[in-house]
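Subject: Handover of a structure

Dear colleague,

Please find below the structure that I am passing on to you.

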Amino acid sequence: MRRATIGWVPGTPDTRPPAGQTELDAAVETLAGRRVVALTGAGFSTDSGLPDYRGPDARQRHPMTYDQFAGSADYRRHYWARNHLGWHHMRRSEPNDGHYALARMEAAGTVSGVITQNVDRLHQRAGSRRVVDLHGHYDLIRCLACGWTCTRTELDARLSALNPGFLEQVRELGDIEVAPDADVVLAETEGFVVADCPACGGILKPDIVFFGESVPVDRVRAAYDLVDAAGALLVAGTSLAVMSGLRFVRHASGIGLPIVLVNRGLTRGDDLASVRLNAGTSETLTYLEQKLPTTNAG
């Protein structure tokens, strides 16, 4: 197996020209006649208005870690104040052309499933049916102590009641930057009241894998099963900076699957790709949908 790029740095610009017809034709030839599993990241949702973490134009971010969230009431207050605002932005985001193209390819039999590192549920809203949410999703809340759950909509009603006027006051500050996990860049959160678990008083947390947490074993197994049953891997909109996604690219390479990688900017998996396209995901997925057979073989 070839090794992933040595000396790769997150957000490193890709100095190669944008993908042209030669690369697009190579991608079609590589995927044609094969059942394709897709692996997607934050760059897949940038055309839906959600910025990515490590793209060439992304701002430097410092996402909260699990230890910070679980170990400090101040960090939890800061997180929930920012998330309370960011969630309202994320739920208004709509699937883009790439999401819809991928869903139609699944319906046509070309794509067998989607493994996503995103928590925005845009794949499901576009119509994708077989989706492994590696990092969970933003619209489920869980108590760390007793396991009690509720929807993010239900929690929003509680947070709004506990913090009347908060959203309106913050919005008056002007443009607020929202991160892919519904977090926002917001400096002042003093006074925000956090909602605790109504069943036991414990800590409520989004059902999202924070930095420093491990992806649940059942999700990892489901993702490996999709790769093992596929004939090719299509990686789109991710720099593969974290192992939770990169491991599936390495696994696909190890079992001899061709890999088509679509991303703006370099990735840790470039040296494993059969075809590498320096391109946006929406236009590339739309093109692939048009050119690939309606039903691929196994």
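Does S282 count as buried or exposed, and why? The model is a predicted one, and in it the relative accessibility of S282 is 7%. Because buried means under 20% relative accessible area, S282 counts as buried.

The surroundings of S282 may be described next. S282 is found in helix α10. Leaving aside residues up to four places away in sequence, S282 touches D47, N96, D97 and G98. With D47, the side chain of S282 also makes a polar contact of 2.6 Å.

Six strands form an open sheet with parallel pairing, in the order β3-β2-β1-β7-β8-β9. At its edges are β3 (131-133) and β9 (275-277), each of which pairs on one side only. From one strand to the next, the twist averages 15°.

As for the pairing of β3, this strand and β2 (residues 111-116) run in the parallel sense and are paired over 3 bridges. V131 in β3 is the bridge partner of V114.

Helix α1 (residues 21-31) touches β1 (36-40), β7 (232-236), β8 (259-262) and β9, and its direction makes about 135° with that of β9. Helix α10 (residues 281-291), where S282 is found, packs on the sheet by touching β7, β8 and β9. The direction of helix α10 makes about 150° with that of β7.

With kind regards

Key: Residues are numbered from 1 along each chain as its sequence is written. This is a predicted model: local features need pLDDT of at least 70, side-chain atom pairs count only at pLDDT 80 or more; totals for chains, interfaces and linings use all residues. Side-chain values use heavy atoms; hydrogens and water are left out. Two strands pair if DSSP finds at least two bridges between them. Helices (H or I, at least four residues) and strands (E, at least two) are DSSP runs, numbered from the N terminus. Axes are lines fitted to C-alpha atoms, for helices over the stretch in contact, and angles run from 0 to 180 degrees between N-to-C directions. Contact means heavy atoms within 4.5 Å. Buried means under 20% relative accessible area, exposed over 50%, partly exposed in between (1.4 Å probe, protein chains only). A polar contact is a pair of N or O atoms within 3.5 Å; within protein, one must be able to donate a hydrogen and the other to accept it, and residues adjacent in sequence count only if both atoms are side-chain atoms.
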